[in-house]
Amino acid sequence: MDPIYLDNNATTPLLPAVWDAMRPYAVEAYGNPASAHAFGRRARRGLEDAREQAAALLGAHPDELVFTSGATEANNLALFGLSGDPPGRLVASPVEHPSVIEPLNQLAAAGFTVEWLPVDGQGVVSPAGINPAAGLVAVMLANHETGAVQPVCALAEWADGAAFHCDATQAVGKMPVHFHELGVTSLSLSAHKFHGPKGVGALLLRRGAKLRPRTWGGHQQAGRRPGTESAALAVGLAAALDLACRDMQRRTTVVRSLRERMLTGLHGSAAPLTLNGPAEGGLPHTVSVSFPGLKADALLMALDLAGVACSAGSACSSGSLLPSPVLRAMGAADDVLHSAMRFSLSAMLTEDEIAEAARRVVDVVRRLRGMQEVTGH
């Protein structure tokens, strides 16, 4: 039985073309980009070409792009670097990724007041709750568990000049993202979410924004994130982003068809079930479904044994097996909270794989429900 990978929101496989672009900078042009000799200069050219390419694809200036180890570092750098000194007021959505929620909790412990915006049953944030006096607002562009797309442009206008950080990790490479048009102060992304390498991401920081660094050392990247940059990883990020942007329309069409096929199979044979998040208008890559009466941990283990790789929520928090904070903020009932599974798709999957995955999910759900009927609980 061949395994089927439906956990692409956690990470995506590296495309061979991306590795081909990276390899020369890992094996041949391996110099330190800060070195003045020929090896360093070659690495520097690759690094800066990647910065220019990625910035252009995201509607930013090259000097606005800071390479990081990933979105978690980028989110922490933005939130701690833009928040200023306590006391102060921070505003955020309760459906953010843990790499945003946890820094906000740390800032609250340091003396900041954090206000949480209301979200509706589809997981979409309302701008009405933003306090114009906030020093910093944090709202993601697309949700990692439900695929809900947030009205960031409208939220940035409501923020009334406050610094605005946008975690766009699940959006970049899957929908058009133009940094300046969004109207935000900073934006984070991670290459491994769009078939790039792990270990590299970026923070876009609008010109003129004052950012306190989190680390100190050399003067790389204008001191905003000092340390030796990896030309190979930066080139991999830019190459993957270029491929994602050029192939975005086709990939989206493919994934939307896959999503419809999977939901049709589940609704037809695994009911009762609840779709978490928007049926239309969100990113089609994410399918969050609850099977009331079952438990997510049992489902996860049984599906793994059946050769379906999926998750019970964010990969950064699913190890706790606690109910999803995202679904809880959306007002989900307990039986929905405790039975939620996330299937995340990519255009590398085939229709046959999705049909087979749906069949396996249906088999697991029916078997677990049958066991419940026999045992009475």
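1. A charge is taken to sit over a ring if NZ of Lys or CZ of Arg is within 6 Å of the ring centre and within 35 degrees of the ring normal. In this predicted model, Arg 206 lies over the face of Phe 179, at a distance of 5.4 Å from the ring centre. Arg 214 is likewise placed over the face of a ring, that of Phe 80, at 4.0 Å from the ring centre.

2. The axes of helix H3, which covers residues 71–82, and helix H4, which covers residues 98–109, come within 9 Å and cross at roughly 30°, and the crossing is right-handed.

3. Two peptide bonds deserve a careful look by a reader going through the backbone. The bond from Pro 86 to Pro 87 is cis, with omega near 0°, and Pro 87 is placed in the loop between H3 and strand S3 (89–92). Another cis peptide bond joins Ala 271 and Pro 272, with omega at about 5°; here Pro 272 lies in the loop between helix H8 (248–269) and strand S9 (274–276). For background, most peptide bonds are trans, and most residues other than glycine have a negative phi.

4. His 195, a residue other than glycine, has a positive phi near 70°, and its place is in the loop between strand S7 (186–190) and strand S8 (201–205). Gln 221 is not a glycine either, yet its phi is positive at about 55°; Gln 221 is found in the loop between S8 and helix H7 (231–246). Are these residues buried or exposed? His 195 counts as buried because its relative accessible area is 6%, which is under the 20% cut-off, and Gln 221 is buried as well, with a relative accessible area of 7%.

5. Ser 288 lies in strand S10, which runs over residues 286–290. With a relative accessible area of 4%, Ser 288 is buried. Which residues does Ser 288 touch, not counting those up to four places away in sequence? The contacts are with Glu 145, Thr 274, Leu 275, Asn 276, Met 341 and Arg 342.

6. Glu 145, one of the residues touched by Ser 288, is found in the loop between strand S5 (136–138) and helix H5 (152–158). Glu 145 is itself buried, with a relative accessible area of 6%. Along the chain Glu 145 and Asp 120 are 25 residues apart, and their C-alpha atoms are separated by 15 Å.

7. Gly 121 is placed in the loop between strand S4 (113–116) and S5. Gly 121 counts as partly exposed because its relative accessibility is 46%, a value that falls between the 20% and 50% cut-offs. Although Gly 121 and Gly 331 are 210 residues apart along the chain, their C-alpha atoms are separated by 6.4 Å.

Key: Residues are numbered from 1 along each chain as its sequence is written. This is a predicted model: local features need pLDDT of at least 70, side-chain atom pairs count only at pLDDT 80 or more; totals for chains, interfaces and linings use all residues. Side-chain values use heavy atoms; hydrogens and water are left out. Helices (H or I, at least four residues) and strands (E, at least two) are DSSP runs, numbered from the N terminus. Buried means under 20% relative accessible area, exposed over 50%, partly exposed in between (1.4 Å probe, protein chains only). Contact means heavy atoms within 4.5 Å. Axes are lines fitted to C-alpha atoms, for helices over the stretch in contact, and angles run from 0 to 180 degrees between N-to-C directions. A crossing is left-handed if the near helix is turned anticlockwise from the far one by less than a right angle, and right-handed if clockwise.
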